Amino acid sequence: MSIFVADLQDMFKSGILDTKCVAEFLIRETATYLEYLFRKSSKRMRDAVAAGKPHLNLSFSEHRAIKQWVNLVECFACGGSSGKDLCETYANHGYCKDGKKCSKSHDVDEAINSHDHKSKKHKTEGKVPPIKSKHSNGDVVDTGCHRAGVDAFMTGFIAANYAVYLKAHPKKAKGEEEQKTSSKKSHYHSRDNHMSVTLEENRDIPLPLVLDPCRRAVNCLTLSGKNIPLKVMKSAFVKPSAAHMRQQHELNRKNSK
C-alpha cells in the first residue's frame with residue numbers, strides 16, 4: 001500500500017480531488033453515489049440562482065468543429081414522480097438488488113427531496129413519510145445518465161459546485177460547523193473526531209485557485225466502509241515502484257521529442 005501511495009503522489013503532483021471525499025467529509029451529504037451528488041449539486045445551484053447567491057455558471061462552446069464529437073444528453077430532473085414509496089436502499093446507495101423488478105421508486109430526485117425533508121425534520125420524533133408528488137404519472141424515472149463522457153461531466157460539475165458552495169460557506173470548508181453541530185448521528189461524531197487530524201490543509205500542493213475551498217480534501221481518497229479517508233502522502237522511507245519509474249521515464253522521453 002505504501003508503494004502504491006508513493007506512485008499515486010508522483011503521478012498526480014498537482015494533487016487528487018476525490019469528489020466523494022468532499023461530499024462525505026466536508027459537505028456531509030446523506031448519500032454519495034454519482035447521480036445523487038450531481039442532482040443534489042444541480043438543485044443547490046438552482047436554489048442559489050433563485051436566491052441571488054453565488055453559484056456556478058455553465059457555458060458550452062458552439063464551435064462548429066467540435067459539434068460532430070458532442071452528444072447532448074438530458075441529465076437534469078425530469079419532473080413528476082413515480083407515485084410509489086421510495087426504495088430506501090437505492091436512495092441511500094444508488095443500488096438495489098431487485099433492479100427494475102423493484103416495486104418501489106428509484107427516482108433520485110425523490111430521494112433528494114425525502115432526505116432534505118428528513119433533515120429539516122430531524123428534531124421531530126417518529127418516522128418521516130416519503131414525499132410523493134401530487135402530479136404522479138406512475139412511471140419510474142430512468143434517466144440513463146451513466147456513460148463515460150457523462151460521468152466525467154457530472155464529476156467535474158460536482159467539484160466546481162462544491163468549490164463555489166464551500167467558498168460561500170468558509171466555516172464548513174474549515175470544518176468549524178461540524179464541531180458546533182450536536183444533532184448528528186453517533187457515527188458522524190466518531191468521524192468528526194478525525195476531521196482536524198485527517199483533513200488538514202496542505203498548502204504545498206499547487207491546487208488551482210478555483211478549487212482552493214476544497215483543499216482540506218485534496219489527496220484524500222474515500223475508502224468503502226471506513227470513517228476516515230486514505231491520505232495520499234508518500235513516506236520519506238518509501239520510493240515509487242520500479243515499474244512506475246520506468247513508465248515515467250518513457251513518458252518523459254517521448255514528451256521531450
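Asp-116 is buried, with a relative accessible area of 18%; buried here means under 20% relative accessible area, exposed over 50% and partly exposed in between, using a 1.4 Å probe and protein chains only. This is a predicted model, where local features need pLDDT of at least 70 and side-chain atom pairs count only at pLDDT 80 or more, while totals for chains, interfaces and linings use all residues. Residues are numbered from 1 along each chain as its sequence is written, and side-chain values use heavy atoms, with hydrogens and water left out.

Beyond residues up to four places away in sequence, Asp-116 touches Lys-40 and Lys-43, where contact means heavy atoms within 4.5 Å.

| Residue | Helix | Relative accessibility |
|---|---|---|
| Asp-116 | H6 | 18% |
| Cys-21 | H2 | 0% |

Leaving aside neighbours within four places, contacts of Cys-21 include Ala-217, Cys-220 and Pro-229.

Now for the cores, meaning sets of buried Ala, Val, Leu, Ile, Met, Phe, Trp, Tyr and Cys residues joined through side-chain atoms within 4.5 Å. The largest has 38 residues, with Val-22, Tyr-33, Tyr-36, Tyr-162 and Leu-166 making the most contacts inside it. Helices H2, H3, H5, H6 and H7 each supply at least two of its residues, and H7 gives the largest share, eight. A second, separate core of six residues includes Val-5, Leu-221, Leu-230 and Val-232.

Notes
Helix = DSSP H or I, 4+ residues; strand = E, 2+ residues; numbered from the N terminus.
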